Amino acid sequence: MTEAIKIDIWSDIACPWCYIGKRKLEYGIAEYEGDEGAAPVEIEYHSFELSPDTPVDFDGSHEEFLATKGFPVEQIGPMIERVTGIAASVGLDYDYGNLKHANTVLAHQLIHYAKARGVQLEAKERLLKAYFVEGRQVGTIDGLADLGAELGFDRDDVVRSLSSNEYLADVRADQQTAIAYGIQGVPFFVIDGKYGVSGAQDPATFAQVLRQVTDEKTEVGA
């Protein structure tokens, strides 16, 4: 079977489980690709805002931000420690001490900008690393233009695109599709257009779904 298996992923830049889920998916794909007869896997990311009311540049710590969202103060520290530990288990070095909370709608536009130029996956990885590992600003045009330049884009053209909301309609279309699918939390993976996987599942789970899709396509001669 040579037909690619498509994985559509709804996620947000400011979502710790989305970055963890991205890594676990990648490990799962690597496991699946070791199978005889494995099909190519194609990935496309779609926009989802977990907290669209977040200011462009939240002036406060991660703990203070979570407190504004109603999390009990005494639970925040252990929760951060748990997430940081799980991230480390898949090779991600989260740095919540330097994390800069931001509205992510412009970051999603930059990912669509990159998608139109064939480098969506690279842009998604770069923005997640910038946010969770490097403490970079991903909510402002200047901050995103710097990251765009690092990806090889013309910085001035990134500024032009973001300033004009060139890809805002694409972001909103992704969000409307998520509503139609009933997606309420991310990461959410739609595999081969029919299997939904919610959350940062273990790599073996992703590998198993890919094997199931492969078996089904083989049976019908796809």
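**Loops, sheet and spaces**

Me: In which loop is N165 found?
Reply: This is a predicted model: local features need pLDDT of at least 70, side-chain atom pairs count only at pLDDT 80 or more, and totals for chains, interfaces and linings use all residues. Residues are numbered from 1 along each chain as its sequence is written, and side-chain values use heavy atoms, leaving out hydrogens and water. Helices (H or I, at least four residues) and strands (E, at least two) are DSSP runs, numbered from the N terminus. N165 sits in the loop between α7 (155-163) and α8.

Me: What is the phi of N165?
Reply: Most residues other than glycine have a negative phi. N165 is not glycine, yet its phi is positive. The value is near 55 degrees.

Me: How are α4 and α8 placed to each other?
Reply: α4 (residues 105-116) and α8 (residues 168-181) pack with their axes 9 Å apart, at about 100 degrees (axes are fitted to C-alpha atoms, for helices over the stretch in contact; angles between N-to-C directions run from 0 to 180 degrees). Under 35 degrees counts as roughly parallel, over 145 as roughly antiparallel, 65 to 115 as roughly perpendicular and the rest as oblique. The two helices are therefore roughly perpendicular.

Me: Which residues of α8 make the contact with α4?
Reply: Contact means heavy atoms within 4.5 Å. α4 brings V105, H108, Q109 and H112. α8 brings L168, D170, V171, R172 and D174.

Me: What is the order of the four strands in the open sheet?
Reply: Strands pair if DSSP finds at least two bridges between them. The edge strands, β2 (41-47) and β4 (195-198), each pair on one side only. The pairing is mixed, and the order is β2-β1-β3-β4.

Me: Which residue in β4 is the bridge partner of V190?
Reply: β3 (residues 188-191) and β4 pair in the antiparallel sense over four bridges. F188 stands opposite S198. V190 has as its partner G196.

Me: Which residue in the turn of the β3 and β4 hairpin has a positive phi?
Reply: Three residues lie between the two strands of this hairpin. Phi is about 60 degrees at one residue in the turn, D192.

Me: What is the volume of the largest pocket?
Reply: On a 1 Å grid over the protein atoms alone, a pocket is an open set of points with protein on both sides within 12 Å along at least five of seven lines, a cavity is a set where a 1.4 Å probe fits but cannot get out, and lining residues have an atom within 4 Å of a point. Points join across faces, edges and corners, and a volume is the space filled by probe spheres set on them. The pocket has 26 lining residues, with A14, P16, L50, H62 and L66 nearest its centre. Its volume is about 500 Å³.

Me: Which element gives the most to the lining of the largest cavity?
Reply: The whole structure has one cavity of 30 Å³ or more. About 40 Å³ of space lies in the largest cavity, lined by S11, Y45, H46, S47, H108, I111, Q120 and K124. With three residues, the element giving the most is β2.
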